[in-house]
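Good morning, colleagues. Please have the sequence and the structure in view while I speak.

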Amino acid sequence: MGFDLEEKAKEAFVEDHFELAVELLTQAILLDPTKPELYADRAQANIKLNNFTEAVADANKAIELNPSLSKAYLRKGNACMKLEEYQTAKIALETGASLAADSSRFLNLIKECDRLIAEESSTQEKSTTTQEATPKVVVPEKNLLEEPIVAVAKPKYRHGFYQTPQEVVVTIFAKGVSKESITIDFGEQILRVKIDVPGEDAYVFQTRLFGKIIPSRCRYEVMATKIEIRLAKAESINWKSLEFTTEATVAPRAIASSVTGTQRPTYPSSKPKRVDWDKLEAQVKKEEKDENLDGDAALNKFFREIYSDADEDTRRAMKKSFVESNGTVLSTNWKEVGTKKVEGSPPDGMELKKWEY
């Protein structure tokens, strides 16, 4: 079945039906998620559809499954060039060229990368020189009544970020969104978030990041009132903004690893409007505290609250009892559970069964 899907996808690609090719390859991946060629082929179809972020994610997965698959590096190099990530593209292409039987295509693209990198560096140098040499000119204010008023669409969800030397934490304030409706992709300098709630227009937040990240070490957590995304920095430098900027910046410098005295961490925003993030954070915490949860959500919240305030013995007791009882017993007494196995205690009317694998 998976082979038939793969063949049909190739036929669709040859006939320029790229969306169908992506759909067929996605079905094939569901049947065989460890086959790197499927991800590499879907990356190529995504490139044809201008879905460059998705193409990079697919190429990275193919490389993870088979580090010697040369065409995966070619796909990654192509997609990164379209995203203007020329340094990343060059590294991928050079690796692919060392693995491919015929490296001519790689070498041509590497030359193109070198040319674009040189152009980008030249543009930045000219921009810096112009800013230093050009005197500031004061322009008279225009009559605002003569200017047309343009309505700007308000984003569906607010977002912000803060950082430590090791990571950048992006918060999207989306209340009551299920994990199943969220798709998050990490590139080497790309973040793409899609929230697709049934019956509503999909929300997409996609940006080229200020600095490079390590996709394999990035993670996210869906909470009751927000989505918290942790980006692992490739370098311990201070990000001046969340998004990439072509403006000339000072040399990267390490940022302080801790906050001392009465100083509080700052929460810069990617939006030009100034936002009081301390006030916003307090509001979110209050909403989380006041929120009425039930079922698993209430249990998880209760577990986290007890665990976060507990000492080491209490935490050990909680983990041991919860795991050994298959989630039916939660004890905080290490003296009681530390010397014996905790047996399961199912609710009345239910029977605890051991599953055989």
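I shall begin with confidence and then turn to one strand and its partners.

What you see is a predicted model. The mean pLDDT of the protein is 78, and 70% of its residues reach 70 or more. Confidence is highest in helix α3, residues 36-48, at a mean of 94, and lowest in helix α8, residues 277-290, at 64. Two stretches call for caution. Residues 137-153 have a pLDDT below 50, and beyond near neighbours in sequence this stretch makes 1 contact in the model. Residues 248-273 also fall below 50, but here the model has 36 contacts beyond near neighbours in sequence.

Let us now consider strand β7, residues 227-232. Why can we describe β7 as largely enclosed by the rest of the structure? The reason is that 6 of its 6 residues are buried. In a regular strand, side chains alternate between the two faces of the sheet. In β7, Ile227, Ile229 and Leu231 point one way, whereas Glu228, Arg230 and Ala232 point the other way.

Which strands pair with β7? Strand β2, residues 167-173, is joined to β7 by 6 bridges, and the two run antiparallel. Within that pairing, Thr171 stands opposite Glu228. Strand β6, residues 219-222, also runs antiparallel to β7, with 4 bridges between them. There, Val222 stands opposite Ile227. A hairpin connects β6 to β7 through 4 residues.

Thank you for your attention.

Terms used. Residues numbered from 1 in each chain as written. Predicted model: local features only at pLDDT ≥ 70, side-chain atom pairs only at ≥ 80, totals over all residues. Heavy atoms only, no water. pLDDT = per-residue confidence, 0-100. Contact = heavy atoms within 4.5 Å. Buried < 20%, exposed > 50% of the residue type's maximum accessible area, 1.4 Å probe, protein only. Pairing = 2+ DSSP bridges.
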